[in-house]
Amino acid sequence: MNDSLILAQGIANLNFLRKKEQFELFTRLESIEEFTSLSIKKLEELIVRPLQITTWNPHQVLDDAKNMLDRSFKRSIGAVVYGSSAYPPLLRELTDPPLLLYYRGILPDPEQTLISIVGTRTPSGAGRAQAYRLGYELGAAGIPVVSGLARGIDSMAHRGNLEGRGKTIAVLGNGLDSVYPVSNRGLALKILESGGCLISEYAPGVPPYKWHFPARNRIIAALGRATIVVEAPEHSGSLITAQYALDQGRDVLVGSVCRTSPQGKGGRNLAEQGAVYIDSAQTLFTEWSQEE
């Protein structure tokens with residue numbers, strides 16, 4: 001366990017700091033010694049605002065961080081810190097990258113092309129079938145699928161990718177000591193057994209709060225070379241993922257099932273804005289060949 005990881009975990013545990021402040025504090029400090037020498041006044045100067053704390057024990061913060069990481073490792077939960085060689089390079093392109101990324105399983109090869117697949121939790125039968133088929137075809141082509149392990153489209157894309165022998169990646173909105181939704185525990189286990197990965201920016205023990213899911217969608221979008229919205233109604237959370245992908249300069253494609261599906265209004269809106277309809281992985285490969 002290196003000093004950088006302990007320092008990052010310690011800073012991440014400072015609940016009186018905002019996420020952006022934690023990240024900026026970590027990037028400004030050069031060593032653990034610099035952190036342990038911080039007074040409350042100096043800390044306030046670094047984050048440029050007053051703090052509502054009266055006591056401060058940085059040594060205890062680091063001891064607690066080390067114990068937390070030790071407990072995580074015993075549960076087979078690893079962690080990588082921003083700036084380390086193991087940290088997924090595409091996440092560094094985010095304007096708000098996670099300071100720490102927790103994982104179970106095997107992190108994807110940084111040179112490996114990944115595709116994000118998202119969609120509604122309540123898909124039509126055609127939507128479920130298309131998500132599975134796209135996941136399978138990408139897996140058979142050696143391309144892992146990134147999704148959110150939610151019910152519906154996410155689950156079918158993960159399952160198809162597994163059947164196609166892809167090493168699928170699930171991004172969770174809670175700590176990796178539990179699986180949400182509980183009904184997908186078996187799927188999560190299969191992902192790990194197949195050489196895939198579960199990842200989260202949330203520490204073990206953190207529940208799946210509602211506001212975590214829009215935030216985790218930026219990670220799903222960032223990891224994929226392209227994002228496929230298989231089936232999505234007008235106000236689907238998967239459209240947040242699509243917007244993140246567009247903001248990050250990624251391709252966005254829409255499942256052809258959206259053309260006629262009553263659950264596809266959000267997807268049709270994306271197509272009207274220029275997103276390409278996709279009915280098989282070959283559509284994606286053709287798009288890529290035209291870009292080269």
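Helix H7 is mostly covered in this predicted model: nine of its 11 residues are buried. The helix runs over residues 153-163. Its buried residues are Ile153, Asp154, Ser155, Met156, Ala157, His158, Gly160, Asn161 and Leu162.

Leaving aside residues up to four places away in sequence, Ser155 touches Leu149, Ala150, Asn184 and Leu187. After H7 comes Arg165, and its phi is positive, near 70°.

Now to the start of the chain, where two helices meet. Two packed helices are described by the angle between their axes and the distance between the axes. Helix H1 covers residues 3-12 and helix H2 covers residues 19-28; they pack at an angle of about 150°, and their axes are 9 Å apart. Are H1 and H2 roughly parallel or roughly antiparallel to each other? An angle over 145 degrees counts as roughly antiparallel, and therefore H1 and H2 are roughly antiparallel. Their crossing is right-handed.

Which residues make this contact? From H1 come Ser4, Leu7, Ala8, Ile11 and Ala12, and they meet Gln22, Leu25 and Phe26 from H2. Sorted by class, the contact has six nonpolar residues, two polar ones and no charged ones.

Next come the aromatic rings. How many aromatic pairs does a search of the whole structure find? The search finds seven, and two of them are set out here.

| Aromatic pair | Arrangement | Centre to centre | Angle between planes |
|---|---|---|---|
| Phe16 and Trp56 | edge-to-face | 6.3 Å | 80° |
| Phe23 and Tyr82 | edge-to-face | 4.8 Å | 75° |

Take the pair of Phe16 and Trp56. Phe16 lies in the loop between H1 and H2, and Trp56 lies in the loop between helix H4 (40-47) and helix H5 (58-74), so this pair ties together parts that are 40 residues apart in sequence. Phe16 is partly exposed, with a relative accessible area of 27%, while Trp56 is buried, at 18%. Phe16 and Trp56 also form one aromatic cluster with Phe35.

Phe23 lies in helix H2 and Tyr82 in the loop between strand S1 (78-81) and strand S2 (100-105), so the pair ties together parts that are 59 residues apart in sequence. Phe23 is buried, with a relative accessible area of 17%, whereas Tyr82 is partly exposed, at 25%.

One more residue belongs to the loop between S1 and S2: Thr95. Is Thr95 buried or exposed? Its relative accessible area is 82%, and a value over 50% counts as exposed, so Thr95 is exposed. The C-alpha atoms of Thr95 and Gln248 are separated by 9.3 Å, although the two residues are 153 residues apart along the chain.

Key. Residues numbered from 1 in each chain as written. Predicted model: local features only at pLDDT ≥ 70, side-chain atom pairs only at ≥ 80, totals over all residues. Heavy atoms only, no water. Axes fitted to C-alpha atoms, helices over the stretch in contact; angles between N-to-C directions. Helix = DSSP H or I, 4+ residues; strand = E, 2+ residues; numbered from the N terminus. Parallel < 35°, antiparallel > 145°, perpendicular 65-115°, else oblique. Left-handed = near helix turned anticlockwise from the far one by under 90°. Contact = heavy atoms within 4.5 Å. Nonpolar A, V, L, I, M, F, W, Y, C, P; charged D, E, K, R; others polar. Phe/Tyr/Trp six-rings, centres within 6.5 Å; stacked < 30°, edge-to-face > 60°. Buried < 20%, exposed > 50% of the residue type's maximum accessible area, 1.4 Å probe, protein only.
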